[in-house]
Amino acid sequence: MTANTNTATSSSDTPNEITLLQPDDWHIHLRDGEALATTVAHAANSFNRVICMPNLVPPVKTASDAIAYRQRILDALTQADITKQRKDEFNPRMTLYFTDNTSATDIKNAAESGIVQAVKLYPAGATTNSADGVTDLKHCTQALEAMQKYGLPLLVHSEVTHAHVDIFDREKQFVDSTLGQIVRDYPELKIVVEHITTSDAADFVLAQGDNVAATITPQHLLFNRNHMLVGGIKPHFYCLPILKKATHQARLLEVATSGNRKFFLGTDSAPHATHKKENACGCAGCYSANIALPLYATAFDSVGKIDRLEGFASIFGAEFYGLPLNTSHITLHKQPMTIASSYPYMDGSTLTPLSAGETLPWSIKA
């Protein structure tokens with residue numbers, strides 16, 4: 001299946017308009033409480049299914065936690081200023097936060113809940129709210145065996161956390177030291193290597209069977225560490241895993257636009273109030289939920305592969321998770337849009353999106 005494009009084209013033979021099956025976001029942070037008033041509406045504007053990350057305070061550790069969190073998301077959805085169709089189609093899929101104490105019973109209950117889609121592995125201390133993460137996989141044998149048994153995928157934040165390892169090398173070292181071992185020990189376990197940032201991770205995924213896939217964010221397709229560091233540190237480009245060299249960015253763009261079914265959309269959109277990003281110890285995370293599709297379209301179009309966007313955004317992830325394809329559609333057109341400088345956010349603060357104030361060549365057609 002390929003995206004539908006109109007016959008009118010630009011001078012470079014790029015379609016001026018493209019209609020996709022409604023996409024899903026297979027990795028998003030909605031946060032909780034008052035934050036949901038902003039994040040849920042933004043996500044539901046573009047996506048049907050979203051896999052919601054569990055690193056709340058406290059974390060989502062059990063099926064009952066996940067059910068309660070999902071209800072809070074749905075409660076926020078009822079108040080969102082979006083169309084009835086978007087409210088009806090929005091379907092938050094939940095994850096459990098993997099800890100040293102996650103049991104086989106926890107996994108069974110999650111698999112039978114009907115709303116838990118996966119289990120998220122954060123190495124302890126790897127990113128925001130990850131202090132309760134796994135300290136050693138030897139504690140997780142029974143839970144991993146249960147995940148393999150019940151077909152519940154493992155979503156991996158693929159970084160080591162050792163203080164002596166350079167921050168730009170942490171993904172590669174995790175791939176080399178840990179990820180291969182998980183694949184060997186649990187050969188039937190479905191694994192998604194989340195938000196890959198290096199050619200090493202991309203090549204690892206390509207070398208595995210169909211049970212191993214990866215998500216890729218818009219920031220890692222569009223930007224590299226020069227964008228974050230040259231001319232002064234730009235905190236709204238700071239995320240974990242951190243932006244890498246331009247050569248890694250190019251490799252990610254190559255595999256994302258290749259049509260390979262192992263790679264699909266996961267924004268890792270992560271809201272942090274502007275004043276918490278722009279301070280002496282800024283938070284890690286880029287916020288993109290409301291503009292993700294124009295960002296991805298810009299990336300794909302930059303290499304002449306806009307026709308490959310539908311597979312990446314709307315098909316390959318659903319296939320990997322064994323879910324039906326969406327039936328509604330969304331249209332993008334080559335009309336410039338200027339990204340808002342900020343959005344209203346919780347406690348009277350603001351939320352600054354990725355590339356705030358910049359103009360993108362693609363936008364969502366009303």
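User: On what basis are the values computed?

Analyst: This is a predicted model, in which local features need pLDDT of at least 70 and side-chain atom pairs count only at pLDDT 80 or more, while totals for chains, interfaces and linings use all residues. Residues are numbered from 1 along each chain as its sequence is written, and side-chain values use heavy atoms, with hydrogens and water left out.

User: Which residues of helix H7 are buried?

Analyst: Buried means under 20% relative accessible area, exposed means over 50%, and partly exposed lies in between (1.4 Å probe, protein chains only). Helices (H or I, at least four residues) and strands (E, at least two) are DSSP runs, numbered from the N terminus. In H7 (residues 199–207), the buried residues are Ala-201, Ala-202, Phe-204 and Val-205. These residues cover an arc of only 160 degrees around the axis, which puts them on the same side of H7. The arc is that of the directions from the helix axis to the C-beta atoms.

User: Against which elements do the buried residues of H7 pack?

Analyst: Contact means heavy atoms within 4.5 Å. The partners of the buried H7 residues are helix H6 (170–185), strand S8 (191–193), strand S9 (212–216), helix H10 (246–256) and strand S10 (263–265).

User: How many salt bridges does the rule give?

Analyst: A salt bridge is a side-chain nitrogen of Lys or Arg within 4 Å of a carboxyl oxygen of Asp or Glu. The count by this rule is 11.

User: Where in the chain do Lys-84 and Asp-88 lie?

Analyst: Both belong to helix H3 (residues 84–89); because they are four residues apart, about one helical turn separates them. Lys-84 is exposed at 62% relative accessibility, and Asp-88 is exposed at 53%.

User: Which parts does the pair of Arg-251 and Asp-203 tie together?

Analyst: The side chains of Arg-251 and Asp-203 meet in a salt bridge of 2.7 Å, N to O. Arg-251 lies in helix H10 and Asp-203 in helix H7, so the pair ties together parts 48 residues apart in sequence. Asp-203 is partly exposed, at 37% relative accessibility.

User: What does the salt bridge of Arg-261 with Glu-319 link?

Analyst: The closest N and O atoms of Arg-261 and Glu-319 are 2.8 Å apart. The pair links distant parts of the chain, 58 residues apart: Arg-261 is in the loop between H10 and S10, and Glu-319 is in helix H13 (residues 309–321). Arg-261 is partly exposed at 45% relative accessibility, as is Glu-319 at 38%.

User: Which residues are joined into one network?

Analyst: Salt bridges that share partners join Asp-203, Arg-251 and Glu-254.
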